[in-house]
Amino acid sequence: MRHPRTVMSAVVGLGFGLAAALGTAPAIASAAPPVSASAVRAGYTAPSGSQAHENAAANKAFFEAVMKSVAEKRAAHPGVTSVTIVYSAANAPSFRTQIANSTQIWNSSVSNVRLQEGSNADFAYYEGNDPNGSYASTDGHGNGYVFLDYAQNQQYDSTRVTTHETGHVLGLPDDYSGPCSELMSGGGPGPSCTNPYPDANERSQVNYLWQNGLAAALARGSGS
């Protein structure tokens with residue numbers, strides 16, 4: 001899973017397989033960011049060997065970077081109790097429906113964190129062409145993005161892809177060998193899988209991560 005704005009010490013890709021009905025890719029003004037020479041990427045198809053380790057590191061990096069960004073905002077506004085992750089969809093106009101659907105799915109599935117479009121974003125969505133498909137990317141500096149590839153969106157269910165990639169933002173790893181009922185199985189079950197919903201275990205994991213992980217991040221930020 002490579003292009004625009006970013007979040008952790010190497011550009012990281014967390015891939016998923018995309019699908020359904022995007023026609024010809026429209027031209028967009030924004031360009032993806034340059035790829036670091038030390039880039040680590042995890043693709044839509046199941047990685048092997050050392051790539052599996054890199055994939056796990058990529059998931060952890062993206063989640064920790066987004067959590068750091070959110071924790072910094074929370075520390076600046078200590079009276080705020082809810083955890084809100086702000087995103088920008090300005091650079092992925094062709095996927096606005098899928099992004100809105102993904103947001104609705106996650107917001108109705110978990111209780112300890114919410115996604116919301118707005119300014120001063122914690123991460124951004126981008127669109128374009130990439131031979132490695134869709135991915136989530138981070139540079140470790142509190143900025144991150146999800147890249148949605150046109151070709152994959154023509155092969156796999158686009159809402160499932162977008163919701164899957166957003167799952168990485170929330171801290172979930174890939175599990176390509178999982179069943180279609182598991183959102184983070186990504187493209188493993190094949191193009192016929194159109195389920196865009198996280199299962200009970202995935203919902204529970206996200207709630208746990210954002211209840212306990214954010215508390216730890218805030219504690220570290222306050223020096224306690």
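**Exercise 1. Find every disulfide in this predicted model, and say which cysteines pair up.**

Solution. Start with the count: searching the whole structure turns up one disulfide. Next, name the partners: Cys180 is joined to Cys193, with an S to S distance of 2.0 Å.

**Exercise 2. Is the disulfide of Cys180 and Cys193 right-handed or left-handed, and which parts does the pair tie together?**

Solution. Look at the torsion about the S-S bond first: it's about 90°, so this disulfide is right-handed. Then place the two cysteines. Cys180 and Cys193 both sit in the loop between helix 4 (158-169) and helix 5 (200-222), so the pair ties together parts that are 13 residues apart in sequence.

**Exercise 3. Are Cys180 and Cys193 buried or partly exposed?**

Solution. Buried means under 20% relative accessible area. Cys193 comes in at 5%, so call it buried. Cys180 has 27%, so that one is partly exposed.

**Exercise 4. How many salt bridges does a search of the whole structure find, and which parts does the pair of Glu117 and Arg96 tie together?**

Solution. The search gives one salt bridge. Glu117 pairs with Arg96, and their closest N and O atoms are 3.0 Å apart. Now check the elements: Glu117 belongs to strand 4 (residues 114-117) and Arg96 to helix 2 (residues 96-109), so the pair links parts 21 residues apart in sequence. As for accessibility, Glu117 is partly exposed at 38%, and Arg96 is also partly exposed, at 40%.

Terms used:
Residues are numbered from 1 along each chain as its sequence is written. This is a predicted model: local features need pLDDT of at least 70, side-chain atom pairs count only at pLDDT 80 or more; totals for chains, interfaces and linings use all residues. Side-chain values use heavy atoms; hydrogens and water are left out. A salt bridge is a side-chain nitrogen of Lys or Arg within 4 Å of a carboxyl oxygen of Asp or Glu. Helices (H or I, at least four residues) and strands (E, at least two) are DSSP runs, numbered from the N terminus. Buried means under 20% relative accessible area, exposed over 50%, partly exposed in between (1.4 Å probe, protein chains only). A disulfide is a pair of cysteine sulfur atoms within 2.5 Å.
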